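Here are a few notes to read alongside the structure, as promised. I start with the contact between the chains and then turn to one helix.

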Number of protein chains: 2
Amino acid sequence: MATIKDVARDVGLSITTVSRALNNYDDVAETTRLRVQAVATRLDYHPNAAARSLQGSHTNTIGLVIPLALHRSYDAFWSEFIGGVAGTCARRGVDLLVSATDAPDAPDALEQGFQRLVRGHRVDGLLICDVRIADERIAYLQKCHLPFVAFGRTTGACAYSYVDVDGALGVARAMEHLLRLGHRRIAYLGVDPRFGFSHFRLAGYRTALTQARVGCDETLVRHGLAEEDIPAALAALLNLPDPPTAILAAADILALAVLRAARAMGRAVPDDLSLIAFDDTLLVQHADPSLTAIGQPNRRLGEEGMTLLLERAAAPALPPVQRLIAPTLVVRQSTAPPRP
Amino acid sequence: MATIKDVARDVGLSITTVSRALNNYDDVAETTRLRVQAVATRLDYHPNAAARSLQGSHTNTIGLVIPLALHRSYDAFWSEFIGGVAGTCARRGVDLLVSATDAPDAPDALEQGFQRLVRGHRVDGLLICDVRIADERIAYLQKCHLPFVAFGRTTGACAYSYVDVDGALGVARAMEHLLRLGHRRIAYLGVDPRFGFSHFRLAGYRTALTQARVGCDETLVRHGLAEEDIPAALAALLNLPDPPTAILAAADILALAVLRAARAMGRAVPDDLSLIAFDDTLLVQHADPSLTAIGQPNRRLGEEGMTLLLERAAAPALPPVQRLIAPTLVVRQSTAPPRP
DNA sequence: TTGTACGCGTTATCAA
DNA sequence: TTGATAACGCGTACAA
């Protein structure tokens, strides 16, 4: 592979001049620049990235930290998100280093690969995903003074940049839809609230009921659920003295499980029971009946996160930006007024 | 950030000794090694990756090239595949550089980012995805003498390493299942056969019929289809004088469209029409009736590809390995004997 | 067993 | 406008 030295020898100039010619310095004769460029092209010269980052102070590389055990690995979320991230990098000509590390609440999470990235000067900035409501990586990165953007947010107020879905707003819109239809007994089924997104969705549910002056009946709230817990949870809800007429399932997989369980129990959706899903995936769209759902723009989340990060990597002094993306409610066939 | 020089000064030894102590050379006193390690830890020293790759001849980094426009972005394929790739890298301590480039048949595909990786010495090896039946990247990489593994394969016989799904075998198993049920008129619906996977699935269909001495009726074959073409294609097939009794849809999205179109035309699956999908996604499993499908282990594909590549990056002289992964047929509710 | 000296490919500083 | 030289951090012949 040709180095700058080969080019210099071939064109009969010093290494210095070649470097400046190729980097568009303005103190080099135009004819010289042309000669140099011609030779560089002929020799198929490309600057060595390692030498560049060793000499300069930046690497032209950004790190993306994703969980090793991909939750939501069953749907298109990560495909779309990573597509957005990688596409943005490609357009800007930055390289993308992907590091899959253990879940951030694992005992030695900080010891994992992602520390290699920051301490080995591998990257100019980091986009960290799967942020938990308490996440020690935030403090660590702040201490390192490495530009970073979080996808997701902690609960504490803290001055760092993040992009996140406004889960509470999404839930609020869903609740508003149900309330307007006339529902007053609305149950909430969710996954582990230690996941940031789960936490904020649940919070949104409670807020929405309070603001609507309906009041939040905690017997209608079940979280920490997995798909297989749904039949029992639904049965318990429907056997209450004053059972819910609508259900908000804060993950698409849970919603589908509710649909199946309801059918097995002889309840029709939406006639006997309205149902809304969070996560507007193909699964939800293809269900029968198709489900009313809260959707988020996965690809755009990746794009926004990376755009924000690239700005900050270029100008680390920029103030933090905290951007909440509003989800959309898509009304389909699974919601209707409650039985009179 | 601490460099090796800081460690050397602090421990009162030369840079050389520190380097050897940390890299486990055996010509350094054990007590010295311990002292050095203690100081390195205390100073939070981590070797600079750029300096290492500049000095040595390798980068400890592997490149993954994915299409910029992710086909199959609607399902979990890329999530799972990338998860397998990234997990394997993480376990081996190699960094993963992801490059999203335009589709390989774009006019300037080779000019895209992925050339930066190979010519800028950014990586020790490359895993390229979305390989077409004719793909100029193969020849280019061979010329560069850069270790690489393809996910997917070209049609021409060529000595390079690849991992791919044995699409023909998958289809053969599906056909066998249908033939055993008694079907003789089996239609094939597929996407653009310029995609390698699509090409081999179609080939498997023809081979299976020939081997079963049923003969391949080309009027039952439609390819280059998208989801929206399905209603018309199905109508045309069912209006044939001797219509098919079973359909093999070589992509899950197509299969679901067939299911909907059949229902709209008043045909019951599987009573009037048997249906098999290729790609055993959640969508297919949750369909009603659930679909018999050919599945591939997406995560394992990523793991196998990266494992193969890491072997070759470590020992470039290793002979090429071409590994075909056998898909699995999962029989569900959408297949039954034809009406008598 | 340890230290000296050099080179990897590049850009920046300074002198010509 | 151009060139000689140093520096980035590390590994490694070779010498001590």
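1. A word on terms before we start: two strands are said to pair if DSSP finds at least two bridges between them. Please also keep in mind that this is a predicted model.

2. With that in hand, look at where the chains meet. Strand S2 (residues 95-101) of chain B pairs with S2(A) in the antiparallel sense, over three bridges. Leu97(A) has Leu97(B) as its bridge partner in S2(B).

3. Now for the wider contact between the chains. On chain A, 44 residues are in contact with 44 residues of chain B. Two or more residues on the chain A side come from each of helix H4 (49-55), helix H5 (77-92), strand S2 (95-101), helix H6 (113-119) and helix H12 (282-286). The most are given by H5(A), with nine residues. Sorted by class, this side of chain A has 23 nonpolar, 14 polar and seven charged residues.

4. Next, helix H7 (residues 136-144) of chain A. Which of its residues are buried? They are Arg137(A), Ile138(A) and Leu141(A). These residues lie on the same side of H7(A), because the arc they cover around the axis is only 105°. Strand S3 (125-128) and strand S4 (148-151) of chain A are included in what covers the buried residues of H7(A).

5. What about the face of H7(A) turned away from its buried side? There you will find the exposed residues Ala139(A) and Lys143(A).

6. Finally, a backbone detail to check: His145(A) follows H7(A) and has a positive phi, near 60°.

How values were computed. Residues numbered from 1 in each chain as written. Chains lettered and ligands numbered in written order. Predicted model: local features only at pLDDT ≥ 70, side-chain atom pairs only at ≥ 80, totals over all residues. Contact = placed C-beta atoms within 7 Å. Helix = DSSP H or I, 4+ residues; strand = E, 2+ residues; numbered from the N terminus. Nonpolar A, V, L, I, M, F, W, Y, C, P; charged D, E, K, R; others polar. Buried ≥ 20, exposed ≤ 12 C-beta atoms within 10 Å, placed from the backbone. Arc of directions from axis to C-beta.
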